[in-house]
Amino acid sequence: MGKGHLIVAAAIGVAVAGCDRGGGADGQAATAAAAAAGTALPVRVATFNLRYENPGDRGLRAWPQRLQLVVATIRRLDADVLGVQEGLHGQVADLRASLPDYDFRGVGRDDGERRGEYCGIFWRRERYAPDPDHGGTFWLSDHPHQPGSRTWGNSVVRICTWQRLVHRPSGRGFCFFNTHWDHQHQGSRERAAQLIAARLDARPLPHEPVVLCGDFNATEDNPAVQYLLGRPAALGGAPAGPWPGALVDTYAAVHGRPADRRTLHLWSGRRDGALKIDHILVSAGAAVRGAEIIDHRRGRLLASDHYPVRADIRFAAADG
């Protein structure tokens, strides 16, 4: 799945423990890892549309003015894994320099390298290692391995970046997908949902949990989102679903659907309304312990035209 289009800051380390009857350091480490593998795995995840560095954004909206607040907001999110959308290469470079305790994967959507917006993934280096064989970027089009491709009526290139992450203490893994859907073309959003569902079905080690986050440019009632939630939906004018791999909306699992759950405020700073288009979805069976829309501002200075969202989830104890 797009292994050629990867940026990885660290390689995975794999420890193999043999039988140790002597109770030495290796045996103690193996015992600790086995104990960790048999317990539930808590993970804090988040999604944040950064707002691309637009030359038309001046004053307090300019990226140099916002950068330190964006970093402070990410620190407040305190996520183990974070998906960001819209960051251009320079913005991603700024964040990587400002977040030395995180590793990163992502590419520019226009050329599979540095051009265009990223759907990037940050993860805590000390806690998680990337699986070098399972991760990459695919394009939301009929040609998912072709950088810059768009074939579904959308005028803007759209992508999804994913990575299998391995919890260092326990060796347990899960897949994290981060996407940004089209803002204008509903048909493109519907095809994106179907392609991502197919990719989730085809992921390595399908018994492992999965997280899908991003800016969907669609609220919960949109048929494309409904499809991913395992509900019958009309896609492309025809009935579709329910998809057997149904995911759970973490925010709705905790809060239901309150009247005020806005994530897109378009620089207004408003919190009222139901314009929630930034979502964190998780595989069924995960316990959702908390979810929050984060509003972190300094006076009139806003970090982005979106509010980030975070969720605290707990994957069930591994079998065996």
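Is Ala 197 buried or exposed? In this predicted model, Ala 197 counts as buried because its relative accessibility is 1%, and the cut-off for a buried residue is under 20%. Its place is in helix 4, which covers residues 186–201.

The surroundings of Ala 197 bring in residues from elsewhere in the sequence. Leaving aside residues up to four places away in sequence, Ala 197 touches Tyr 227, Leu 228 and Trp 243. With Tyr 227, the separation is 30 residues in sequence, and the two C-alpha atoms are 8.8 Å apart in space.

A second residue worth a visit is Ser 283, found in strand 12 (residues 278–283). Ser 283 has a relative accessibility of 12% and therefore counts as buried. Its contacts, again not counting residues up to four places away in sequence, are with Pro 209, Val 210 and Leu 247.

Stepping back to the whole protein chain, six helices and 16 strands are present. Of its 320 residues, 53% are buried. Taking the contacts between residues at least 6 apart in sequence, 72% join residues at least 24 apart. The chain exposes about 13400 Å², and carbon and sulfur atoms supply 50% of that area.

Finally, a word on confidence. The average pLDDT of the protein chain is 90, and 88% of the residues score at least 70. Over residues 1–31, however, the pLDDT is below 50, and this stretch has 51 contacts in the model beyond near neighbours in sequence.

Definitions and conventions
Residues are numbered from 1 along each chain as its sequence is written. This is a predicted model: local features need pLDDT of at least 70, side-chain atom pairs count only at pLDDT 80 or more; totals for chains, interfaces and linings use all residues. Side-chain values use heavy atoms; hydrogens and water are left out. Helices (H or I, at least four residues) and strands (E, at least two) are DSSP runs, numbered from the N terminus. Buried means under 20% relative accessible area, exposed over 50%, partly exposed in between (1.4 Å probe, protein chains only). Contact means heavy atoms within 4.5 Å. pLDDT is the predictor's confidence in each residue, from 0 to 100. Accessible areas come from the Shrake-Rupley method with a 1.4 Å probe; for residues, only the protein chains shown count as cover.
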